[in-house]
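Reader: I'd like to go through this model feature by feature. Can you show me how to read each one as we go?

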Amino acid sequence: MYNPTVARLTYRALLGRRRAAILFVLPALLIVISVAVRSFSSGADDQVAADLLGSFALATMVPLIGVIAGTGAIGPEIDDGSIVYLLAKPVSRSTIIFTKLIVAIAVTMAFSAIPTLIAGFILNGNGQQIAIAYTVAALVASIAYAAVFLLLGTITRHAVVFGLVYALVWEALFGNLVPGARTLSVQQWSLALAQRIGENGVISSDVGLPLAVTLLVGVTVVATWYAGQKLRTLKLAGEE
């Protein structure tokens, strides 16, 4: 199911000079803000740390990095037509999707979960398990976001635009402010795990843990399956 050649090509596309520079911006900004908060207040309290990691890291940084990694894993190849060279190889299309998903997940995790962990330790030294809780939430959210945005990359040429709208409007705005929308937010699903890990009264989610896990798994599986189906509908020259 995993093809090293496809993975290498995908990593090269995602971590090219221009795209890698974009990927570094938000994590660097999170670290800078965390250092500034720690410096000005000689140590952030638990609520400040949770607010920053929740509102900036989990609600903004993770989905935006997911957009870049998920859509970038396949979207540009479909847009410029170079995907036909990959599809012409003796590699099943389900293997191509699965491999690209693994790469997108790995990149999203690396550029979101690691900075979240570092920022958490900077802010309050992992007091009340806040750094660990949000890191786990970022890791889990990375899987769902990568699958959703990889699917977007297979069904529309405007995947980045739709992905940014989803990340900035639905997750960052409605996912924080509108009670009904929170139930359908990857951010809130991952927060349910963070809440269980922290169990400190500082981290909270509007979704219960069993439902959150079910939705995270369901969305990831369905998005991956449907992306594979869409890729199978792409026809090469000469195919009937």
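**Reading the loop, the helices and the charges**

Author: Let's start with one residue. Q129 is partly exposed, with a relative accessible area of 36%. Keep in mind that this is a predicted model.

Reader: Where does Q129 lie?

Author: Q129 lies in the loop between α6 and α7. Its backbone is worth a look too: phi is positive, about 60°, although Q129 is not a glycine.

Reader: Which residue other than glycine has a phi near 65°?

Author: That's N126, where phi is again a positive value. N126 lies in the loop between α6 and α7.

Reader: Is N126 buried or exposed?

Author: Buried means under 20% relative accessible area. N126 has 12% relative accessibility, so N126 counts as buried. Q129, at 36%, is partly exposed.

Reader: Now helix pairs. How do I read the angle between α7 and α10?

Author: The angle is taken between N-to-C directions, and it runs from 0 to 180 degrees. Anything over 145 counts as roughly antiparallel. Helix α7 covers residues 130–155 and helix α10 covers residues 186–198; they pack at about 150°, with axes 8 Å apart. That makes α7 roughly antiparallel to α10.

Reader: What is the handedness where α7 passes α10?

Author: The crossing is right-handed.

Reader: At what angle do α3 and α7 cross?

Author: Roughly 25°, and the axes of α3 (residues 46–72) and α7 come within 8 Å. Angles under 35 degrees count as roughly parallel. That puts α3 roughly parallel to α7. The crossing of α3 and α7 is right-handed.

Reader: What about α1 and α6, how do their axes cross?

Author: At roughly 40°, with the axes of α1 (residues 4–14) and α6 coming within 9 Å. The two helices are therefore oblique to each other. As for handedness, α1 passes α6 in a right-handed crossing.

Reader: Let's stay with helix α6. Where is A113, and is it buried or exposed?

Author: A113 sits in helix α6, which spans residues 93–124. Its relative accessibility is 3%, so A113 counts as buried.

Reader: How far apart are A113 and G16?

Author: There are two ways to state that. Along the sequence, A113 and G16 are 97 residues apart. In space, they are 21 Å apart, C-alpha to C-alpha.

Reader: Which C-alpha atoms are separated by 14 Å?

Author: Those of P115 and A141, which are 26 residues apart along the chain. P115 is in helix α6, and P115 is buried, with a relative accessible area of 8%.

Reader: Which residue meets K100 in a salt bridge?

Author: E77, at 2.6 Å, N to O. This pair links distant parts of the chain: K100 is in helix α6 and E77 in helix α4 (residues 75–80), 23 residues apart. K100 is buried, with a relative accessible area of 1%.

Reader: And what meets D79?

Author: R157, in a salt bridge of 3.7 Å, N to O. D79 lies in helix α4 and R157 in the loop between α7 and α8, so the pair ties together parts that are 78 residues apart in sequence.

Reader: Last stop, the surface. Which residues make the nonpolar patch?

Author: The patch is made by V160, V161, L164, V165, L168, V169, L173, F174 and V178, and its area is about 670 Å². Take V160 as one of these residues. V160 is in helix α8, residues 159–177.

Reader: What is the relative accessibility of V160?

Author: It is 44%, so V160 counts as partly exposed.

Key: Residues are numbered from 1 along each chain as its sequence is written. This is a predicted model: local features need pLDDT of at least 70, side-chain atom pairs count only at pLDDT 80 or more; totals for chains, interfaces and linings use all residues. Side-chain values use heavy atoms; hydrogens and water are left out. Patches are made of residues with over 30% relative accessible area and no salt bridge: like charges are joined within 9 Å, nonpolar side chains (Val, Leu, Ile, Met, Phe, Trp, Tyr) within 5 Å. Accessible areas come from the Shrake-Rupley method with a 1.4 Å probe; for residues, only the protein chains shown count as cover. A salt bridge is a side-chain nitrogen of Lys or Arg within 4 Å of a carboxyl oxygen of Asp or Glu. Helices (H or I, at least four residues) and strands (E, at least two) are DSSP runs, numbered from the N terminus. Buried means under 20% relative accessible area, exposed over 50%, partly exposed in between (1.4 Å probe, protein chains only). Angles under 35 degrees count as roughly parallel, over 145 as roughly antiparallel, 65 to 115 as roughly perpendicular and the rest as oblique. A crossing is left-handed if the near helix is turned anticlockwise from the far one by less than a right angle, and right-handed if clockwise.
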